[in-house]
Amino acid sequence: GDFVIKLGQRIAKSPAVVADPQLAALALVAMIERSNYYAISGQIGNGTADVSDTLAEVTFAALFGAGRV
C-alpha cells in the first residue's frame, strides 16, 4: 500500500545499505505485522512494551546501522 511505498522512499533516502528499498520496506512492515499478531495472541514477549521496544531497535538498526538506541 501507500505506507510501504512511502517507507521505501524514506529508506532510499536514508543511510541504509539495501539493494531494494521497496523490498526492505515490505520486509519491515511484514515483520512488524507478524510480531504484532504474536504479541496480541500471547505467543511472544512479556508484554507489548517488550515487543515494541525490540521492533523499534531492529527497525532503527535496519535503517541507520547497528548500535544502541
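Analyst: Of the contacts in the chain with a separation of 6 or more, 35% join residues 24 or more positions apart. The model is predicted. The chain has 69 residues, and buried ones make up 23% of them. It holds 3 helices and 0 strands, in the order α-α-α.

Now the packing of α1 and α2. Two packed helices are described by the angle between their axes and the distance between the axes. Here the angle is about 125°, and the axes lie 8 Å apart. Angles over 145 degrees would count as roughly antiparallel and 65 to 115 as roughly perpendicular, so α1 is oblique to α2. The crossing of α1 past α2 is right-handed.

Which residues of α1 and α2 meet? From α1 come Phe3, Val4, Ile5, Leu7, Gly8, Gln9, Ile11 and Ala12. From α2 come Pro21, Gln22, Ala24, Ala25, Leu26, Leu28 and Val29. By class, this contact has 12 nonpolar, 3 polar and no charged residues.

In soluble globular proteins, nonpolar side chains tend to be buried together. The largest nonpolar core in this chain has 9 residues: Val4, Leu7, Ile11, Ala16, Ala24, Ala25, Leu28, Val29 and Leu63. Both α1 (2-13) and α2 (21-40) supply at least two residues of this core. The most come from α2, with 4 residues.

Ala24 is one of the core residues. Leaving aside neighbours within four places in sequence, Ala24 is in contact with Ile11 and Val18. Ile11 belongs to the core as well.

Conventions: Residues are numbered from 1 along each chain as its sequence is written. This is a predicted model: local features need pLDDT of at least 70, side-chain atom pairs count only at pLDDT 80 or more; totals for chains, interfaces and linings use all residues. Side-chain values use heavy atoms; hydrogens and water are left out. A nonpolar core is a set of buried Ala, Val, Leu, Ile, Met, Phe, Trp, Tyr and Cys residues joined through side-chain atoms within 4.5 Å. Buried means under 20% relative accessible area, exposed over 50%, partly exposed in between (1.4 Å probe, protein chains only). Contact means heavy atoms within 4.5 Å. Axes are lines fitted to C-alpha atoms, for helices over the stretch in contact, and angles run from 0 to 180 degrees between N-to-C directions. Angles under 35 degrees count as roughly parallel, over 145 as roughly antiparallel, 65 to 115 as roughly perpendicular and the rest as oblique. A crossing is left-handed if the near helix is turned anticlockwise from the far one by less than a right angle, and right-handed if clockwise. Ala, Val, Leu, Ile, Met, Phe, Trp, Tyr, Cys and Pro count as nonpolar, Asp, Glu, Lys and Arg as charged, and the others, Gly among them, as polar.
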